[in-house]
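Here is a briefing on one structure, arranged by topic. Please look over the sequence and the model first.

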Amino acid sequence: MKMFIQTGTRGISTYHYKMNMAVTLTSTHHSTLCIPSLLKQSQFLGGLNISSSFRSLSTSSARSKPVVSALEIGGVTIDKDYVVKDDPTNNVPDSIYTKLGLQLHKRDKHPLGILKNAIHSYFEKNYSGKFVKFDDLCPIVSAKENFDDVLVPADHVSRSYNDTYYIDAQTVLRCHTSAHQAELLRNGHTHFLVTGDVYRRDSIDSTHYPVFHQMEGVRVFSPDEWEASGKDGTTYAAEDLKKCLEGLARHLFGAVEMRWVDTYFPFTEPSFELEIFFQEKWLEVLGCGVTEQEILKRSGNVDKVAWAFGLGLERLAMVLFEIPDIRLFWTSDERFTSQFSKGQLGVKFKPFSKFPPCYKDMSFWISDSFTENNLCEIVRAVAGDLAEEVQLIDNFTNKKGMTSHCYRIAYRSMERSLTDEEINQLQFNVREEVESKLKVVLR
């Protein structure tokens, strides 16, 4: 199980509501309730450095669209005022709220939906009727579900306000589809696939986006399934896992060379990464492992073993469809959407335009609380998907101990040429927001 950030990881595996109201989330196979635990803020926040200056990053961007006041996901109505609010522990901007409910993975003619359906087809062909498929579970979960239930350490960086979108101290936008694993196990599911949109504060470049999509798979074994083999449960599960995922890799990529790499995840032991040799280079496809016994015991699966895997849909779709920029997944431009058809995996994307980028540099003296993720949040809030990349190009510390950073921002539209006036206004707005919200001194 591994948390993919398209081209890399953040070090942990991947693997609905109104406040104080019971809301039922309904999917085809499953009803689930995600209620944040009623912890005191001080119990959960611990050492988190939460800046009140980030309660709102809803700066208007060029050609911005109105933000709707409520969304419906899986039969649940989610008010904007619940997700984006003036709360010292809330760091969800309007730009992220607008992505809730879009569910690109459920669109059969979208590259992500095509890939999801191809994976479903593999499991249906090889494990007919066994795996229950969930793709409509609410992305708003408790911090306990997102972290504690999958054994993420209390001091892990992924829990920080800098990395995760918090609605309040106890509630987050899920960072991975593993946030639903414990509940599904408690509800008696032994074979399941979970697909959904996940959210992380992250850098800006062609392979990173604050919203992306993951799929997690879990299979549970009872003692009678491995005892007849003469193997212990862990060995049996690990061998079954590798056989399953090697078959999946061949299903998606053809007859490719594969290799397994031992790794570490806090919730699986042993843990592996599967790599394939594709287009003349080794490509990391997914992370996986044998589920830690503690997770199974907590969910009532005593004396059983299980395996789990997690993969990033964008990561694989960019390779299979040769899509060069992750922002393209979100475009409604027919020159993109018309290129893909239901059931056609691996159709090669044909670029329809390549408008020139415009580069703007910005230098400032940083404060102790400065983080690059906070900078990228501001750039996205102002420029939206017109921001192609934010790159640190220079830094130094003077004799007084003050540190300066110089960032280069690349602006580019996928659909049209940007005017000098637009770019200058965007950069002006970015500079103003950076200075006021990050407490830096512009140079």
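This is a predicted model: local features need pLDDT of at least 70, side-chain atom pairs count only at pLDDT 80 or more; totals for chains, interfaces and linings use all residues.

Residues are numbered from 1 along each chain as its sequence is written, and side-chain values use heavy atoms, with hydrogens and water left out.

- Helices (H or I, at least four residues) and strands (E, at least two) are DSSP runs, numbered from the N terminus.
- Eight of the eight residues of helix H10 (residues 313–320) are buried, so H10 is largely enclosed by the rest of the structure.
- Buried means under 20% relative accessible area, exposed means over 50%, and partly exposed lies in between (1.4 Å probe, protein chains only).
- The buried residues of H10 include two charged by name, Glu314 and Arg315.
- Glu322 follows H10 and has a positive phi, near 55°.
- The axes of H10 and helix H4 (residues 111–126) come within 10 Å and cross at roughly 100°.
- Axes are lines fitted to C-alpha atoms, for helices over the stretch in contact, and angles run from 0 to 180 degrees between N-to-C directions.
- H4 and H10 are therefore roughly perpendicular to each other.
- Angles under 35 degrees count as roughly parallel, over 145 as roughly antiparallel, 65 to 115 as roughly perpendicular and the rest as oblique.
- H4 brings Leu112, Leu115, Lys116 and Ile119 to this contact, and H10 brings Leu313, Glu314, Leu316, Ala317 and Leu320. Contact means heavy atoms within 4.5 Å.
- By class, the contact of H4 with H10 has seven nonpolar, no polar and two charged residues.
- Nonpolar covers Ala, Val, Leu, Ile, Met, Phe, Trp, Tyr, Cys and Pro; charged covers Asp, Glu, Lys and Arg; the others, Gly among them, are polar.

**Helices H12 and H13**

- The axes of helix H12 (residues 372–383) and helix H13 (residues 420–437) come within 9 Å and cross at roughly 140°.
- H12 and H13 are therefore oblique to each other.
- On the H12 side, the contact uses Leu375, Ile378, Val379, Val382 and Ala383. On the H13 side are Leu426, Asn429, Val430, Glu433, Val434 and Lys437.
- The residues of the contact of H12 with H13 divide into eight nonpolar, one polar and two charged.

**Met215**

- Met215 is found in strand S12 (residues 211–221).
- Met215 counts as buried, at 0% relative accessibility.
- Met215 and Leu311 are 96 residues apart in sequence, yet 5.5 Å apart in space, C-alpha to C-alpha.
- Not counting residues up to four places away in sequence, Met215 touches several residues, among them Lys116, Ile119, Phe309 and Leu311.

**Val347**

- Val347 lies in the loop between helix H11 (334–337) and strand S17 (358–365).
- Val347 counts as partly exposed, at 30% relative accessibility.
- Val347 touches Phe321, Gln339 and Phe340, not counting residues up to four places away in sequence.

**Cysteines**

- A search of the whole structure finds zero disulfides, a disulfide being a pair of cysteine sulfur atoms within 2.5 Å.
- The sulfur of Cys288 is 9.5 Å from the closest cysteine sulfur, in Cys244, too far for a bond.
- Cys288 is buried, with a relative accessible area of 0%.
- Cys406 is buried too, with a relative accessible area of 12%.
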